Amino acid sequence: MNNRRISTIQGFTLLELLISLVIVSVLSAISIPALISQIDKAKYAGAKIQMGCMGKEVQSYRLEYGTFPPNVATNIVFANSDCFEVNDNTEQPNNFTSRIPFNSIYDYESWDNSSGDTCFIAITFLGKNQSREFSRNNFSLRPSEKGFHEIGRDDLVLVIDIVSRSIGGC
């Protein structure tokens with residue numbers, strides 16, 4: 001009799017492991033950018049929610065005081081705001097302690113349009129790159145175009161109101 005032992009333990013061959021590795025790599029290369037894109041969309045949705053809250057505060061301020069809050073510098077809270085978030089961590093931009101998406105910046109502002117007869121009351125979210133991608137001189141809307149506007153690659157502008165200069169409020 002032959003004293004050979006037949007092994008019942010089987011494993012993967014090197015070729016099977018390499019094919020599996022290639023398949024996992026291809027699937028990862030396809031799915032990771034899509035996942036990052038969905039995460040960014042969720043952060044912009046969060047910014048819209050925060051901006052909506054700020055917009056309601058601005059409208060309440062106007063009802064209470066008869067005018068909109070005065071224009072403030074970038075990342076400065078307008079009076080009596082509970083919703084307005086400030087990025088107070090600009091010295092360490094990689095330390096994400098802010099509730100602002102992308103640790104970015106909000107800007108409450110009022111400015112004249114290019115013709116000077118109307119005034120925009122708006123909140124701007126500077127987005128992922130944290131820089132303004134539009135100039136106030138080339139931003140013109142009709143009074144019916146209140147609401148959210150995507151400007152450039154990643155700026156969001158919530159136009160709260162467009163008021164006539166003759167009425168005041170800017």
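Q: Why is Tyr44 called buried in this predicted model?
A: Tyr44 has a relative accessible area of 17%. Buried means under 20%, so Tyr44 counts as buried.

Q: What makes the pair of Tyr44 and Phe102 tilted?
A: The search of the whole structure finds five aromatic pairs. In the pair of Tyr44 and Phe102, the ring centres are 5.2 Å apart and the planes are at 55°. The values 5.2 Å and 55° meet both conditions, so the pair is tilted.

Q: Which parts of the chain does the pair of Tyr44 and Phe102 tie together?
A: Tyr44 belongs to helix H1, residues 14-65, while Phe102 belongs to the loop between H1 and strand E1, 106-112. The two parts are therefore 58 residues apart in sequence.

Q: Is Phe102 buried or exposed, and how do you know?
A: Its relative accessible area is 10%. That value is under 20%, so Phe102 is buried.

Q: Why is the pair of Phe84 and Tyr106 called edge-to-face?
A: Phe84 and Tyr106 are 6.2 Å apart centre to centre, with 65° between the planes. The distance is within 6.5 Å and the angle is over 60 degrees, so the pair is edge-to-face. Phe84 sits in the loop between H1 and E1 and Tyr106 in strand E1, so the pair ties together parts 22 residues apart in sequence. Both Phe84 and Tyr106 are buried.

Q: Which residues do ring pairs link into a cluster?
A: The cluster consists of Tyr44, Phe84, Phe102, Tyr106 and Phe125.

Q: How do you know that the charged end of Lys48 sits over the ring of Phe148?
A: The charged end of Lys48 is 5.5 Å from the centre of the Phe148 ring. The distance limit for a charge over a ring is 6 Å, so 5.5 Å passes that part of the test.

Q: What makes Cys53 and Cys83 a disulfide?
A: Their sulfur atoms are 1.6 Å apart. The limit is 2.5 Å, so the pair counts as a disulfide. Cys53 lies in helix H1 and Cys83 in the loop between H1 and E1, so parts 30 residues apart in sequence are tied together. The structure holds one disulfide.

Q: What makes Arg132 and Asp107 a salt bridge?
A: The closest N and O atoms are 2.6 Å apart, and the limit is 4 Å, so the pair qualifies. Arg132 lies in the loop between strand E2 (118-125) and strand E3 (147-151), and Asp107 lies in strand E1, 25 residues apart. Arg132 is partly exposed at 29%, while Asp107 is buried at 2%.

Q: Why does Lys146 count as a partner of Asp161?
A: The closest N and O atoms of Lys146 and Asp161 are 3.2 Å apart. This is within 4 Å, so the pair is a salt bridge. Lys146 lies in the loop between E2 and E3 and Asp161 in strand E4, so parts 15 residues apart in sequence are tied together. Lys146 is partly exposed at 44%. Shared partners join Arg62, Lys146 and Asp161 into one network.

Q: Why is Leu27 called exposed?
A: Leu27, found in helix H1, has a relative accessible area of 53%. Exposed means over 50%, so the label applies. Leu27 also belongs to a nonpolar surface patch of about 400 Å², made by Leu15, Ile19, Ile23 and Leu27.

Note on methods. Residues numbered from 1 in each chain as written. Predicted model: local features only at pLDDT ≥ 70, side-chain atom pairs only at ≥ 80, totals over all residues. Heavy atoms only, no water. Phe/Tyr/Trp six-rings, centres within 6.5 Å; stacked < 30°, edge-to-face > 60°. Helix = DSSP H or I, 4+ residues; strand = E, 2+ residues; numbered from the N terminus. Buried < 20%, exposed > 50% of the residue type's maximum accessible area, 1.4 Å probe, protein only. Lys NZ or Arg CZ within 6 Å of the ring centre and 35° of its normal. Patch = residues over 30% accessible without salt bridge, like charges linked within 9 Å, V, L, I, M, F, W, Y side chains within 5 Å. Areas by Shrake-Rupley, 256 points an atom, 1.4 Å probe, with all protein chains shown as cover. Salt bridge = Lys/Arg side-chain N within 4 Å of Asp/Glu carboxyl O.
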